[in-house]
Amino acid sequence: ANNWVAVWQGDGLTAMGDTDIVAAHRVGLGWSTPVTVNPAANLDTGDDNTPAIATDRAGNWLVVWSSNQKGSGDPSTDYDLFASRSTDL
C-alpha cells in the first residue's frame with residue numbers, strides 16, 4: 001500500500017545506554033518519529049543488533065534482531081533472536 005518502514009541499530013537511545021533497534025515509517029514526504037522496536041528497550045541493558053525487516057504487503061511488518069539481553073533468571077550473555085510485529089502500518 002505504498003508504505004515504507006526503515007529499521008536500524010542505534011546507540012544511547014534510551015536511559016540504559018545500550019544498543020537498540022529503532023524503526024520509523026514514511027509519513028507523507030517525511031518520516032515518523034523513530035521508536036524502539038523492543039518493548040523492553042527502556043529496561044534492558046543488552047545490545048540489540050543486526051535487524052532485518054519483512055512485510056506481506058498487507059500492512060503487516062516483522063522485525064527480527066539478535067540481542068544479548070538477559071532473560072529472567074538467565075545468567076548467560078549469548079546472543080538470541082527476538083522479533084516484533086506491527087499490523088497497523
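Predicted model: local features only at pLDDT ≥ 70, side-chain atom pairs only at ≥ 80, totals over all residues.
Local features are given for residues with pLDDT of at least 70, side-chain atom pairs count only at pLDDT 80 or more, and totals for chains, interfaces and linings use all residues. Residues are numbered from 1 along each chain as its sequence is written, and side-chain values use heavy atoms, with hydrogens and water left out.

**View 1**
Out of 89 residues, 31% are buried (under 20% relative accessible area; exposed is over 50%, partly exposed is in between, using a 1.4 Å probe and protein chains only). The accessible surface is about 5700 Å², and 54% of that belongs to carbon and sulfur atoms (Shrake-Rupley method, 1.4 Å probe). Now look at contacts, meaning heavy atoms within 4.5 Å: of those with a separation of 6 or more, 36% link residues 24 or more positions apart.

**View 2. An open sheet of three strands.**
The order here is β5-β6-β7, with antiparallel pairing (two strands pair if DSSP finds at least two bridges between them). β5 (48-55) and β7 (80-86) sit at the edges with a single partner strand each, so one side of each has no neighbour in the sheet. On average, neighbouring strands are turned by 20° against each other, direction ignored (axes are lines fitted to C-alpha atoms, and angles run from 0 to 180 degrees between N-to-C directions). Zoom in on β5 and β6 (residues 61-67) and you'll find six bridges joining them. For instance, Asp 48 has Ser 67 in β6 as its bridge partner.

**View 3. A stacked pair of rings.**
The protein has one aromatic pair (rings of Phe, Tyr and Trp, its six-membered ring, with centres within 6.5 Å; planes under 30 degrees apart are stacked, over 60 edge-to-face, the rest tilted). Trp 65 and Phe 82 are the partners, stacked at 6.1 Å centre to centre with 15° between the planes. Trp 65 belongs to strand β6 and Phe 82 to strand β7, 17 residues apart. Trp 65 is buried, at 2% relative accessibility, while Phe 82 is partly exposed, at 24%.

**View 4. Asn 2, ahead of the strands.**
Asn 2 lies in the segment before β1 (5-11). Its relative accessibility is 68%, so Asn 2 counts as exposed. Gly 59 is 57 residues away along the chain, and the C-alpha atoms of Asn 2 and Gly 59 are separated by 9.7 Å.

Terms used
Helix = DSSP H or I, 4+ residues; strand = E, 2+ residues; numbered from the N terminus.
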